[in-house]
Amino acid sequence: MAIFKPTIFQDISGSVGNVTSYKVGKTQIARGKPGFVKDAKTPEQLKQRARLSLITKLRRRFLKVLSVGYCSPSGKVCANCFTRDNIHKVNADLLTLSLSGGGLRLPLIEAKVDKKKRQVSFQWKQQPLMPFMAKEDRLMGVIHEREEKKSRLVELGTRGTNGEKEWPLPEDWDVNRLVVYGFAVSENGQNASGTLGLLETNGEA
């Protein structure tokens, strides 16, 4: 923007090229127009935009889960990790989604859904002490309801013991629209395993 004392341009308003001139009181002002940004629309760019849009919508369903699974309170860090791990999975089964990541080994977790009792049952097995796993590692279950687009993180137990835990479904959740995951997190919350896709419910049976 420039303020100047006009001679031949006095009282002129309007645009010439990329410059717009106008008066404010007795002051003449010239302002450059914003640069033109080309909105590229090649097929590959459109596909990438669609993937990023879907990734963003999916990520919003798991915000509280991702801060634990990616070991960071930063929404930006979690968003970047989730996008990196899932950008090429958005058209795949929801069971393939990654909600966690790090150097820990995968835990031994299984899950079942009792539709009559409306509850999810988790079972996990003790694992031998090996590199990248410790008996104090915390085991996590995640239950996602596809219709409500909501998820819950459930702390199950530790890697060093066998165990099981039942989790009752909220009343407004559809028992036929569930996706269940599991992963492990170190005791201090600074490292995690990848994500296990445990089960997905469909139909009325």
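A nonpolar core here is a set of buried Ala, Val, Leu, Ile, Met, Phe, Trp, Tyr and Cys residues joined through side-chain atoms within 4.5 Å, with buried meaning under 20% relative accessible area, exposed over 50% and partly exposed in between (1.4 Å probe, protein chains only). The model is a predicted one, in which local features need pLDDT of at least 70 and side-chain atom pairs count only at pLDDT 80 or more, while totals for chains, interfaces and linings use all residues. Residues are numbered from 1 along each chain as its sequence is written, and side-chain values use heavy atoms, with hydrogens and water left out.

The largest nonpolar core comes to 22 residues, and the ones with the most contacts inside it are Phe 62, Leu 66, Phe 82, Leu 97, Leu 99, Val 142 and Tyr 181. At least two residues of this core come from each of helix H1 (43-59), helix H2 (63-69), helix H3 (75-86), S7 and S10; helices (H or I, at least four residues) and strands (E, at least two) are DSSP runs, numbered from the N terminus. The top contributor is S10, with four residues. Apart from this core lies another one, of 18 residues, with Ala 111, Trp 124, Val 154 and Ala 184 among them.

Next come the strands, which count as paired if DSSP finds at least two bridges between them. Four of them make an open sheet in the order S8-S7-S10-S11, paired antiparallel. S8 and strand S11 (196-200) sit at the edges with a single partner strand each, so one side of each has no neighbour in the sheet. From one strand to the next, the twist averages 20°, taken between axes that are lines fitted to C-alpha atoms (for helices over the stretch in contact), with angles running from 0 to 180 degrees between N-to-C directions. Inside the sheet, S7 and strand S10 (residues 178-185) run antiparallel and are joined by eight bridges, and Ile 143 has Val 180 in S10 as its bridge partner.

His 144 belongs to strand S7 and, at 0% relative accessibility, counts as buried. Its side chain makes a polar contact with the side chain of Arg 61 (3.1 Å) and reaches the backbone oxygen of Lys 150 at 2.9 Å. A polar contact is a pair of N or O atoms within 3.5 Å; within protein, one must be able to donate a hydrogen and the other to accept it, and residues adjacent in sequence count only if both atoms are side-chain atoms.

Elsewhere, strand S6 (residues 119-124) is mostly covered, with five of its six residues buried. Six bridges tie S6 to strand S5 (residues 109-114) in the antiparallel sense, and Glu 110 has Gln 123 in S6 as its bridge partner. S6 also pairs antiparallel with strand S9 (residues 163-168), again over six bridges, with Gln 119 standing opposite Pro 168 in S9.

Two loop residues have backbone angles worth a look. Most residues other than glycine have a negative phi. Arg 118, in the loop between S5 and S6, has a positive phi near 55° and is partly exposed, with a relative accessible area of 26%. Lys 149, in the loop between strand S7 (138-145) and strand S8 (150-158), has a positive phi of about 60° and is likewise partly exposed, at 48% relative accessibility.
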